[in-house]
Amino acid sequence: MFLLSLLAVDLVFGCLHFMLLTDFFDSRSFSLESDRGYPESYQYMKIFLTVVLLLMVFRKTRMPEYAVWSLLFSYLLVDDSFSIHEVFGGHIAAALGYAPALGLRAKDFGELTVSAVVATLFLLPLAFFYLRGSGAARSASRHLLVLLLVLAFFGIFVDMLHVAIQMGWKVTFVLGAVEDGGEMVAMSIIAWYVFLLHERDGDTRRYFARAVPQQQAA
């Protein structure tokens, strides 16, 4: 029910976003692409909830992996709020002399550089603790990594397509909806998964072990 509730709100915001194309609804605050709009504020809420729940899991289990994951999502929250990768991406592009290519701006390559550096800074300690962690923590880290890659697919890859492909406002509108809508759905699933970690003291293996046979039997 928690996951369905999160996804239901995502769906409502997605529908309202497309209603902006009609003459009956014109509030830009409901656009998925609007800075500080309602959908973006809702996304911030989910990331903040994920950070808090990960800290609570860390407090329960004392497994350092969860503290690192909490810091990572804290960075994502700050980055989304203050556009850190965009600001530093522009500076890095200028400092390293990046040039536009493949339809992307020099600034876009700077943003990719920032994302790569930040990812390395977090993945190194996660790998260290993964090799020394318990089976439950290792399973959770694998799941969170896959979900994070899904989030990055929409936030980075689709975002780059959004910039590179210039085929009129309709294509731009749809790509923007796919990018931001995909991020919202991915973050809802992440928040739900971390909620499961909290409810099961950092161990979701038994939950999925029960769920899979039930689905197969059905």
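**Salt bridges in the predicted model**

Good morning, colleagues. A search of the whole structure finds 6 salt bridges, a salt bridge being a side-chain nitrogen of Lys or Arg within 4 Å of a carboxyl oxygen of Asp or Glu. The model is predicted, so local features need pLDDT of at least 70 and side-chain atom pairs count only at pLDDT 80 or more, whereas totals for chains, interfaces and linings use all residues. Residues are numbered from 1 along each chain as its sequence is written, and side-chain values use heavy atoms, with hydrogens and water left out.

Let me begin with K46 and D10, whose side chains form a salt bridge at 3.0 Å, N to O. K46 belongs to helix α2 (residues 38–61) and D10 to helix α1 (residues 2–19), so this pair ties together parts that are 36 residues apart in sequence. Helices here are DSSP runs of H or I with at least four residues, numbered from the N terminus. K46 is buried at 1% relative accessibility, and D10 is buried as well, with a relative accessible area of 7%. Buried means under 20% relative accessible area, exposed over 50%, and partly exposed in between, with a 1.4 Å probe and protein chains only.

I turn next to R105 and D108. Their side chains meet in a salt bridge of 2.7 Å, N to O.

Finally, E40 pairs with R36 in a salt bridge, their closest N and O atoms lying 3.6 Å apart. E40 is buried, at a relative accessible area of 18%.

Definitions and conventions
Helices (H or I, at least four residues) and strands (E, at least two) are DSSP runs, numbered from the N terminus.
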